[in-house]
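Me: Please take a close look at the aromatic rings in this model. I would like to see how they pair up and what sits over them.

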Amino acid sequence: MTTVWLDAMQVDLLPTLLVWEDPALRYFVRRDLLDEPAGPVESVWHLEGATRLVRKQQAGGSWRYPGKSYNPETGTQYDLLETYRNLRVLVEMYGLHRDHPALSQAAEYVLTYQMDEGDIRGIIGNQYMPYYHGAILELLIKAGYSGDPRIEKGLAWLLSVRQGDGGWIVPTQAVPSKDRTSEFWLGEPVPPDRSRPHAHLATGMVLRAFAAHPAYRQRPEVLAAGEALKSRFFSPDKYNDRKASSYWLKFQFPFWWTSLLTALDSLSWLGFDRQDVDIARGLDWFLAHQSADGLWETGYGAGRKAEENRHWVGLATCRVLKRFLS
């Protein structure tokens, strides 16, 4: 095992990760951090957390959102949101890929929301949602769909709606809240105003799709977006959604919103170097802010679920440090 990345840390957190009572976490620690032969990832598919989620899957491949599945006032497809939520868990925490029937059924369900333009739509009505679109594509690419023409079409759409400064926005962010009526959400999608600055919330979520796809990581447009994202580290966003600079330091796994961790994870796959000033600032923050147990505070409360999140965030952070420092 290469230990350069581990030697740079103030506290060795591997014992903390390995004693946590989660065999899925321990599997990925051994495979990704210790470089041990952990066996096929399919062995993780049969753990209770994965099978419990699979049992809740609906016949059409979706998961039902608690309460209502659709809001006719806003066009929100809540089952699509819930399916995204659970895909994150199955792909990132249990390693499911397209050979698992539940994963392939979920992928087909999600892709029924892909429009002729190429974008997946429905979580925010009929409006464009580059951030969720990118995050969904990331999961499907990791699950083995990188060569699917629908994925290629989805990535091409993302490249076609970039801002002038290289990143992305959610076009509805530029619409005053008083104008976001039912007619607005159900109407024709608002195109992005390319002259506006990018939203790092959106840029970070979109980049995850390109970082997951080996054929796109060195595209000039993708690298330009990476430059735009890292230039914003620790700064407030330009739009009201998750605007405060403190959101850079709210960590969750599986990833959802853009944070310092998700951004560094993507940038590590895009080939950015630890000598880069912005990258170094981000890495230095993690190296300087370990807790006594070696993990990091996530900003998401206390209790069993919060501790579970801390441990998985610890794994994700170590993966990033290992890529940059080894």
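Reply: Happy to! The charged end of K250 sits over the ring of Y300, at 4.2 Å from its centre. A charge counts as over a ring if NZ of Lys or CZ of Arg is within 6 Å of the ring centre and within 35 degrees of the ring normal. R88 also lies over a ring face, that of Y84, 5.9 Å from the ring centre.

This is a predicted model, where local features need pLDDT of at least 70 and side-chain atom pairs count only at pLDDT 80 or more, while totals for chains, interfaces and linings use all residues. Residues are numbered from 1 along each chain as its sequence is written, and side-chain values use heavy atoms, leaving out hydrogens and water.

Turning to ring pairs, the whole structure holds 22 aromatic pairs. Rings of Phe, Tyr and Trp (its six-membered ring) pair if their centres lie within 6.5 Å; planes under 30 degrees apart are stacked, over 60 edge-to-face, and the rest tilted. W285 and F286 are edge-to-face because their planes stand at 90°, with ring centres 5.1 Å apart. W285 is buried at 16% relative accessibility, and F286 is buried at 2%; buried means under 20% relative accessible area, exposed over 50%, partly exposed in between (1.4 Å probe, protein chains only).

F286 also pairs with W296: the centres are 5.8 Å apart and the planes at 80°, so this is edge-to-face. W296 is buried too, at 0% relative accessibility. Elsewhere, Y27, F28, F253, F255 and W312 make up one aromatic cluster.
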